[in-house]
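Please look through the sequence and the structure shown below before reading the report.

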Amino acid sequence: MSLSNGRTYLAIPGPSVVPDAVLRAMHRASPNIYEGELPDMMDGLMRDLRRVARTEGHVAIYISNGHGAWEAALANTVAAGEKVLVLATGFFAMAWSRIAEARGIDVDVLDFGNGGTFDLDRVRETLKADSAHAYKAVMAVHVDTSSSNRNEFAPLRAILDELNHPALLMADCIAAMGCDRFEMDAWGVDVAMTSSQKGLMCPPGLGFVFFNDKAAEVRRRMNRVSTYWDWTQRAAPEAFYQYFSGTAPTHHLYGLRTALDMIHEEGLEAIWARHATLARAIWAAVEHWGKDGPLRLNIADPALRSHAVTALAIGKPYGTQLRRWCSDQAGVTLGIGLGMANEDDPQSDGYFRFGHMGHVNAHMILGLLGVVEAGLGVLGIPHCAGGVSEAAKVISGV
Ligand SMILES: *Cc1c(COP(=O)(O)O)cnc(C)c1O
C-alpha cells in the first residue's frame, strides 16, 4: 500500500509550489500579441516586478530560466577578456562563474566554502590589491541554494565605496527573491537577477534582470551585445515585441500577473515574516532530531541561514533513502543534496534539502516535517523523536 495519492508537495528548492490561482490565470485561449489586454499589461508587470526587487531601476524579462538571467546579466556588462571577482559560498556561485569563463571573461574566485558567508577582510584585501580597477564586476549569490546560506550585500557595497572601486555589484537572487529580504537599491546592488519558478510562484520559463543607471551606462560603453541578450530595448521598448526580442511568453505573463497580485496583496514584509517563521519551525525540528543522531543543519549560525531553503546533513546513504520513502509513501518530494559531494560521498547521498519558498504555509511545513519524522522512524535512521512538536511550538508561538 502507498499513502502517496492525493495532492503532492514538491518540497524542493525550485521549481516551487504553483498556486491554483496562477495555474487558472494561465488556462486560457491564446491572447493577441499585437494589441489589447496582454500588451496593455506590461507597464504594470514591470512596475510590480521592480517593487519585489525593491528598486527604482530598470528590469528586463527573458524567456529563460535562471541560467539565462545569469547569461543576460554578464552579456550586458562584462566583455570577453575583462575580469570579474566571484565570491562563492556554494555550488551556484561556481556555476555562474563557469558561465562567465565560457564567455571568455577572466574569473577570479574567492571560495568561502559551503558553511557560511564571506570573509569581508579577504574581500577588502582582494579589491584593495586591484588598484588598477581590473575587476569590472563583483559577482555573488544572495542565497546559495546548495548550502542554503544567506549573504549580505550592504557590506560589499560599503567596501567598494570605501575603496572607490567602480566594479558593478551583481547579485544572484534566483533562490529567494520574494522569500528572504532583499533590498536592491538600499543595499547598493547594481545588477540583480531572479527567475519565475521560486519565490515568484510561477512555472519555470521567465528570467528577470534588474539594473540601475550605473549598470545601464556600462552597457552603453560595451562594444557589442547580441540583440537577443541586450537589455536596452527589453527594459524600454517602443513596441510590444521588443520586450522579448520576439514572441512573448503569453501564458506565463498571465500567471506572473496573478502571482505579483498575490505578493503585493500579502505584502513583502508579511511574506518575509511568514518565511522566517516557517524556517524557524524547520530548524527547531531538525535541531531536536539531531540531539540523538546524524541530522545537522548545514549552516550552523541561524543569522546566516536562508528562510527559503534548508540544506541538511543526514549521513550516507540516509539522505537518498529518506527522499525515496517520502515521495513513494507520502507524496512529498524532498530536494537532493547538491554540491556537497566529497570522496566518501560522491553523490551527496548524505545530504538533502527542504524547499520552503513561495506558496507555502504552516500546515504544509508541519505535514512535511511529520512525514520526515515518520520516515526517520521507518528507516531506522537515528534521531531524537519529537521534532514535529518543537516545530509546532514555533508556529503556535506566533
Ligand atoms: C535555481 C537557481 C539557479 C538556477 O536557476 P535555473 O532556473 O535552474 O537555471 C541559479 N542560482 C540560484 C541561487 C538558484 O537557486
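This is a predicted model: local features need pLDDT of at least 70, side-chain atom pairs count only at pLDDT 80 or more; totals for chains, interfaces and linings use all residues.

The domain assignment divides the chain into domain 1, made of 9–16 together with 267–396, and domain 2, which covers 31–265. The contact between them draws on 28 residues from domain 1 and 33 residues from domain 2, while the C-alpha centres of the two domains lie 28 Å apart.

The size of an interface is often given as the accessible area lost when the parts come together. For domain 1 and domain 2 this buried area is about 2500 Å², of which 57% falls on carbon and sulfur atoms. On the side of domain 1, L268, W272 and L304 supply 25% of the area that this domain buries against domain 2, which is more than any other three residues.

## Polar features of the interface

Across the interface of domain 1 and domain 2 there are 15 residue pairs in polar contact, counted where both residues have pLDDT 80 or more. The elements that give two or more residues to the side of domain 1 touching domain 2 are α10 (268–289) and β12 (309–313), and α10 gives the most, with five residues. By residue class, that side of domain 1 divides into 14 nonpolar, 11 polar and three charged residues.

Two salt bridges are also found across the interface of domain 1 and domain 2. E269 forms a salt bridge with R54, and the closest N and O atoms of the pair are 3.5 Å apart.

## Salt bridges

Side chains of opposite charge can pair when their charged atoms come close. By the rule applied to this model, the count comes to 26 salt bridges. In the pair formed by R54 and E269, whose closest N and O atoms are 3.5 Å apart, R54 lies in the loop between α2 (37–53) and β2 (58–63) and E269 in helix α10, so that the pair ties together parts that are 215 residues apart in sequence. R54 counts as partly exposed because its relative accessibility is 27%, and E269 is likewise partly exposed, with a relative accessible area of 42%.

D180 forms a salt bridge with R150, with the closest N and O atoms 4.0 Å apart; D180 lies in the loop between β8 (168–172) and β9, and R150 in strand β7 (residues 149–150), so the pair ties together parts that are 30 residues apart in sequence. Both partners are buried, D180 at 1% relative accessibility and R150 with a relative accessible area of 16%. R305 pairs with E287, the closest N and O atoms being 3.2 Å apart, and the two residues, R305 in the loop between β11 (296–297) and β12 and E287 in helix α10, are 18 residues apart in sequence. Here R305 counts as buried at 5% relative accessibility, whereas E287 counts as partly exposed at 42%. Elsewhere, salt bridges that share partners join R47, D48, R51, R257 and D261 into one network.

## A serine in a loop

Leaving aside neighbours within four places in sequence, S196 is in contact with M201, C202, P203, P204, G205, L206 and F208.

Notes: Residues are numbered from 1 along each chain as its sequence is written. Side-chain values use heavy atoms; hydrogens and water are left out. Contact means heavy atoms within 4.5 Å. Domain bounds come from an automatic or database domain assignment. Buried area is the accessible area (1.4 Å probe) that two parts lose on being put together, summed over both. A salt bridge is a side-chain nitrogen of Lys or Arg within 4 Å of a carboxyl oxygen of Asp or Glu. A polar contact is a pair of N or O atoms within 3.5 Å; within protein, one must be able to donate a hydrogen and the other to accept it, and residues adjacent in sequence count only if both atoms are side-chain atoms. Helices (H or I, at least four residues) and strands (E, at least two) are DSSP runs, numbered from the N terminus. Ala, Val, Leu, Ile, Met, Phe, Trp, Tyr, Cys and Pro count as nonpolar, Asp, Glu, Lys and Arg as charged, and the others, Gly among them, as polar. Buried means under 20% relative accessible area, exposed over 50%, partly exposed in between (1.4 Å probe, protein chains only).
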